[in-house]
Amino acid sequence: MDVINAYTVAAAALLTIGLYSIAAKRNLIKLVMGIEIIATAVNLNFIGMGLRENGIDSLAQMYVALNMAVSAAVLALALAFVTILFRHYGTLDSSKIARLRW
Amino acid sequence: MGPQDALLVSFVFILITSLSDVLRRKLNYPNLPGYVALAGMISLLILILTIRDGVYRPLINSPLPVVELKVDEFSRFFTLIISILAVPSLLYSFSYIREESRASYYTLLLLLVTGLIGSVFSNDLFTFYCFWELASISAYSLVGFRWWHWEPAEASFKYLLACTVGALTVLYSTSLLYGITGTTNLDELSRILSKVGSSQIIAMSAALMIIGLGTTAAATPFHMWLPDAHSAAPNPISALLSGVVVKVPLYMLTRLMLSVLPFTNGLSYALIVLGVASSLLGNLAALIQNDVKRFLAYSTIANVGYIFTGIGACYRLLMIGATELAIDTAAGALSHLAVHALSKGLLFLCVGNVIEEVGSRFFASLEGYGRRMPFTAAFSLVALVGLSGIPPLVGYYGKSLITAGIAYKLEDLFSLIVLALVEANFALAAGYYAYFVFRMFKGRFHISREASKTALLSEFFIAAIIVFLSLQPSLLVEEARACAKTVLPG
């Protein structure tokens, strides 16, 4: 099976973008977007890995569908926390919020 | 009768617990959801203890051979630890959670335990991911249960961010393995990968597995979420988080590293370095904490480090072919894991008693509780003695087996340094546990009221098990050895 193709390379690029956004961004919404980008990268990677001559492996399709549901649940919870933090602090800047450091 | 039926029963109870909120308001019976959740948890545990070993496929007629649950000695060992800790935490919550929204608390607690048990039983990486996310999502919500205070809200968002990235890293690595082999089933993977042999992509996916599972288990460079989450969570949840939630990724790591993925030379060093670094950082940071729950949380990082080191040493021994000693080392790591889960859970509950009475988490305000709260003090002493690993007692065996695994064929400087650092860490940990005991009995404590009866009952349950294991340490070590034999190849 061919592991390296256009889809998996794009997925690796997306993964890097997502990790960069989590490491470097300060806005809480952008952090949540970083998580979603990583989830999308994983989905795309499953599709790229499941590529066969006659279409995409049914296993990969099922993984992607289930992972979309799981990451939607995480997204909902993350946005709920962002709302709560905004109510507490009145800002979305994580450098002004982070009272917990060490 | 299989694990899927037990999980189904548990899901029915989860539904009843969340619906019982309506009945609670009508009957004006505040603790009803708690009792329903307790009934659900006990029936789940009884069902699990009756399941026979074997491989179960719930969706037998489906064309996709994906959902596969496996019950063996190893997963049974972990479910036993989870259940021994879950029931007391639920019981403890009866007097501790007084909020109106307690139905959601008990629902989430039951979901957490169900997710953990499901992820331990799953024999497939994607099933593991799904159950693990179920457990994690409930854990994030439970840490942020008191979201109207700033600390839980912030800690749970941090926890969510770190652990979701960790879980997605595991899933990305799963997708790489799927691309190479066409399957995510662990037995199939180990069969195919032993034929294919090691390659760069497999080594990369193994490294990603270590990073992802290390993040969810709080190994050192990725540990930042743990002290916040543990100290901001409600007390019974801290006990569960420290006792079992950080241990389930270690279960998957043990299985993947030691029996599924082919051996790569650099990874044994990576595991050992991660482990030693976590134990060093955990122990040193624990020394400077003012907050007693943060102190315990850093000590948890240190103990996760010991287990990591044990897994790494076992990996190295398997690579050089010393299988007998590798089994011993894995048994050491597993028995240390069990001892730490029980003792640290008990200690979090005991400290929780005192924090509830005093209303503060500062070390200084806890001084002297040993003389005024005799039962809590006795239970904390049991937990501290279990953790410190004084020679004839049970904690000693795990630590000595891990050290024996590292000390085998000490020819290079690296293993010598590792051995010295591990020994120094054990001594350091024993030292600050002794200091904790000293502060327990020193100084003035103003309150002389004991904790509630249900809290003491739940603590007594765990303490009795630790005392029993201390009197019969061979029982635990033999059980851990049997587990190691089912996992390790050959």
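Helix packing and interface

Guide: This is a predicted model. In chain B, B:Tyr105, B:Leu108, B:Leu109, B:Leu111, B:Leu112, B:Thr114, B:Gly115, B:Leu116, B:Gly118 and B:Ser119 of α4(B) are in contact with B:Phe128, B:Phe131, B:Trp132, B:Leu134, B:Ala135, B:Ser138, B:Ala139, B:Ser141 and B:Leu142 of α5(B).

Visitor: How many charged residues does the contact of α4(B) with α5(B) have?

Guide: Sorted by class, the contact of α4(B) with α5(B) has 13 nonpolar and six polar residues.

Visitor: Are α4(B) and α5(B) roughly parallel or roughly antiparallel?

Guide: Helix α4 (residues 102–121) of chain B packs on helix α5 (residues 125–143) of chain B with the axes 8 Å apart and an angle of about 150 degrees. Angles over 145 degrees count as roughly antiparallel. The crossing is left-handed. The two helices α4(B) and α5(B) are therefore roughly antiparallel.

Visitor: What is the angle between α6(B) and α8(B)?

Guide: Helix α6 (residues 150–181) of chain B and helix α8 (residues 200–217) of chain B have axes 8 Å apart, and their packing angle is about 160 degrees. That makes α6(B) roughly antiparallel to α8(B). The handedness of this crossing is left-handed, and the angle asked for is about 160 degrees.

Visitor: How many charged residues are in the contact of α14(B) with α18(B)?

Guide: The axes of helix α14 (residues 323–358) of chain B and helix α18 (residues 394–407) of chain B come within 8 Å and cross at roughly 145 degrees. Among the residues in contact are B:Asp328 and B:His336 of α14(B) and B:Lys399 of α18(B). By class, the contact of α14(B) with α18(B) has eight nonpolar and seven polar residues, and the charged ones number two.

Visitor: How many salt bridges does the rule find across the interface of chain A and chain B?

Guide: In this interface 43 residues of chain A touch 40 residues of chain B. The two chains bury about 3900 Å² between them, with 78% of it on carbon and sulfur atoms. Across the interface of chain A and chain B, the number of salt bridges found is zero.

Key. Residues are numbered from 1 along each chain as its sequence is written. Chains are lettered from A and ligands numbered from 1 in the order in which they are written. This is a predicted model: local features need pLDDT of at least 70, side-chain atom pairs count only at pLDDT 80 or more; totals for chains, interfaces and linings use all residues. Side-chain values use heavy atoms; hydrogens and water are left out. Axes are lines fitted to C-alpha atoms, for helices over the stretch in contact, and angles run from 0 to 180 degrees between N-to-C directions. Helices (H or I, at least four residues) and strands (E, at least two) are DSSP runs, numbered from the N terminus. Angles under 35 degrees count as roughly parallel, over 145 as roughly antiparallel, 65 to 115 as roughly perpendicular and the rest as oblique. A crossing is left-handed if the near helix is turned anticlockwise from the far one by less than a right angle, and right-handed if clockwise. Contact means heavy atoms within 4.5 Å. Buried area is the accessible area (1.4 Å probe) that two parts lose on being put together, summed over both. A salt bridge is a side-chain nitrogen of Lys or Arg within 4 Å of a carboxyl oxygen of Asp or Glu. Ala, Val, Leu, Ile, Met, Phe, Trp, Tyr, Cys and Pro count as nonpolar, Asp, Glu, Lys and Arg as charged, and the others, Gly among them, as polar.
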